[in-house]
Amino acid sequence: MNLQNSSELQKVIQQCLSKDKKAQQKLFELSYSLSMNVCRRYAKNLEEAKSLVNEGMLKVFQHLHTYNPDLCFGGWVRRIMVNTAIDHFRKVKAYEQRFQDLEGVDYSQDYLPTVIDDISAEELLVLVQQLPPAYRIVFSLFAVEEYTHKEIAEKLGISEGTSKSNYAKARAKLQKALTASKILN
C-alpha cells in the first residue's frame with residue numbers, strides 16, 4: 001500500500017481517527033519515506049530531518065480529521081512536512097544567520113553548471129544540506145517546491161528581494177561546490 005488514495009488507505013485513516021495504535025503505526029510507516037525525503041531537503045543533517053519528520057507526523061495525526069479524502073493523501077502529508085520545516089526554520093533563525101538584502105545581484109543568471117548531470121541526487125542533497133539555513137530553505141522552497149519568491153517572502157517573513165538574494169547565493173555556493181567536486185573527480 002502507498003500514499004495514493006485507495007480504499008485500504010482510507011480504512012487505515014479511519015482507524016487512526018478512532019485512535020487505533022496499530023493503524024497509527026502503519027500510517028506513520030507508510031508516510032515515513034515521503035516525509036523523510038521532504039525533510040532532508042530542509043534539514044542540516046539526518047538527525048534534524050528525523051526530528052522534523054516526527055514533529056510533522058505529530059501534526060498529521062493532530063489534523064487528520066481535517067484531511068479531505070478527495071485529495072491525494074501524499075500531497076497533504078508533503079505540505080505538512082514543508083510547513084513543519086518552515087516553522088522550524090522560523091524558530092531557529094534568530095540564533096543562526098540573519099537574512100541580508102543585497103542590491104545589484106543579477107537573479108536571472110543561471111549559476112548551476114552542467115556538472116549537475118554528473119552527480120547523484122544523494123550527492124546533490126549533501127551539498128544542499130551544507131548550505132547555510134537561510135539559503136537552504138529558500139533554495140528548497142523555490143527550486144524544489146516551486147514557490148514564488150513572493151510566496152517565500154510571505155511564509156518566512158522576509159522581503160522578496162531577500163528571497164531572491166538568498167536563492168542566488170545558494171545557487172552560487174552550489175555552483176562553486178559542484179565545480180570543486182568536478183575538479184576533484
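Eight helices and zero strands: that's the make-up of this chain. Keep in mind that you're looking at a predicted model. Reading along the sequence, you get the pattern α-α-α-α-α-α-α-α. The chain has 185 residues, and 43% of them count as buried.

**How the chain folds together**
- Take the contacts in the chain with a separation of 6 or more: 70% of them link residues 24 or more positions apart.
- The chain exposes about 10300 Å², and carbon and sulfur atoms supply 51% of that area.

**The nonpolar core**
- The largest nonpolar core has 45 residues, and the ones touching the most other members are F73, L141 and L156.

**A look at T84**
- You'll find T84 in helix 4.
- Is T84 buried or exposed? T84 counts as buried because its relative accessibility is 0%, and the cut-off for buried is under 20%.
- A polar atom of the T84 side chain lies 2.8 Å from the backbone oxygen of I80.
- If you skip the neighbours within four places in sequence, T84 is in contact with L52, E55, G56 and K59.

**Cysteines**
- How many disulfides does the structure hold? The count is zero.
- C16 has a relative accessibility of 3%, so this cysteine counts as buried.
- C72 has a relative accessible area of 36%, so this one is partly exposed: the range for that label runs between the 20% and 50% cut-offs.

**How confident is the prediction?**
- The mean pLDDT of the chain is 82, and 79% of the residues reach 70 or more.
- Where among the helices is confidence lowest, and where is it highest? Helix 5 is lowest, at a mean of 80, while helix 3 is highest, at 95.
- Watch out for residues 94-117, where the pLDDT is below 50. In the model, this stretch still has 45 contacts beyond near neighbours in sequence.

How values were computed
Residues numbered from 1 in each chain as written. Heavy atoms only, no water. Core = buried A, V, L, I, M, F, W, Y, C linked by side-chain atoms within 4.5 Å. Buried < 20%, exposed > 50% of the residue type's maximum accessible area, 1.4 Å probe, protein only. Helix = DSSP H or I, 4+ residues; strand = E, 2+ residues; numbered from the N terminus. Polar contact = N/O pair within 3.5 Å; in protein donor to acceptor, adjacent residues only side chain to side chain. Contact = heavy atoms within 4.5 Å. Areas by Shrake-Rupley, 256 points an atom, 1.4 Å probe, with all protein chains shown as cover. Disulfide = S-S within 2.5 Å. pLDDT = per-residue confidence, 0-100.
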